[in-house]
Amino acid sequence: MPPPSSPSRIRRIVTLLAWAAFLAAPLALAWALHAGAITIPERYNPWTPLDVAAEPGPLTSFKLGRARAEPALCMAALAASGLQYDPVADRETGTGCGFKDAVRLQGGRSLALSSPTVLSCRAALSFAMWERHALQPAATQRLGVPVARLEHLGSYACRDVNTGERAAQGSGRRSRHATADALDIAAFVREDRRRIVVRRDWTGDGAEALFLRDAHAGACRFFDGVLGPDYNAVHADHFHLEAGGWRMCR
Ligand SMILES: [Zn+2]
């Protein structure tokens, strides 16, 4: 048996200590950030809440996910987002239908809606991020002017997923519309009243088509599910944007 201070035993102890330090370091860092013992810029600190106005960074999807999962965080982020909305009471209307922690969206931060519509907080928060960081930048870049108005086909509807083939009977699967987590958008209107219509302008390589494709791709950054004309015939005339559920970008 080797003596207590043999080189192999010391090596083992050193290795053990190194592993302990290696495993403890991230925990210590997380604790220090959480406790405010050390401060780092907001965009690199996972514990500071989502700021809709902040330029998206590497932690944005984590913060957005966290805010959308906790109603109080979601409402706080929404209140500072610049969206125009009224509170709306929770409602349960049937099996798998109804909404909780929703708002009646009256308008975006810098655009009007064709009519007010009820959206869950999490979907509204995704909308706020999309409008500010994807939709309006795409409009300015591709069209030279921001979008002044959105024409939508509605959000809340107690119904099943519309697959097209079995639309009459429904698919047997509740749509995200049934919980006010989805919004269908058919057209975008410029300040000069020129309309960019999903059904008419999606294809081609003109400025309108490029704008629509940027708006669609940008929605995939902030919503969980995005479906457009390339997905199926049911979506030939609108973008379906939803929060929660499976990730899809078609
Ligand atoms: Zn839809």
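I take buried to mean under 20% relative accessible area, exposed over 50%, and partly exposed in between, with a 1.4 Å probe and protein chains only.

**Basis.** I note that this is a predicted model, in which local features need pLDDT of at least 70, side-chain atom pairs count only at pLDDT 80 or more, and totals for chains, interfaces and linings use all residues. Residues are numbered from 1 along each chain as its sequence is written, and side-chain values use heavy atoms, with hydrogens and water left out.

**Disulfides.** I looked for disulfides, each a pair of cysteine sulfur atoms within 2.5 Å. The count by this rule is three. Counting bonded cysteines along the chain, I read the pattern as 1-3, 2-4, 5-6.

**C74 and C121.** I find these two joined, S to S 2.1 Å. The torsion about their S-S bond is about -110°, so this disulfide is left-handed. The pair links distant parts of the chain, with C74 in helix α3 and C121 in helix α4, 47 residues apart. Helices (H or I, at least four residues) and strands (E, at least two) are DSSP runs, numbered from the N terminus. C121 counts as buried at 2% relative accessibility, and C74 is buried at 1%.

**C97 and C158.** I find an S to S value of 1.9 Å for this disulfide. The link is right-handed, with 85° about the S-S bond. C97 sits in strand β3 (residues 97-99) and C158 in the loop between β6 (147-154) and β7 (182-190), 61 residues apart. C97 is buried, with a relative accessible area of 5%, whereas C158 is partly exposed, with 42%.

**C220 and C249.** I find this disulfide at S to S 2.1 Å. Its link is right-handed, with 85° about the S-S bond. C220 lies in helix α6 (residues 207-222) and C249 in strand β11 (residues 248-249), so the pair ties together parts that are 29 residues apart in sequence. C220 is buried at 10%, and C249 is partly exposed at 45%.

**Helix α3.** I looked up the buried residues of α3 (residues 71-79) and found C74, A77 and L78. They cover an arc of only 100° around the axis, which puts them on the same side of α3; the arc is that of the directions from the helix axis to the C-beta atoms. The buried residues pack against α2 (60-69), β1 (84-87), β4 (102-107) and α4 (121-143), where contact means heavy atoms within 4.5 Å. The face turned away from the buried side carries the exposed residues A72 and A79.
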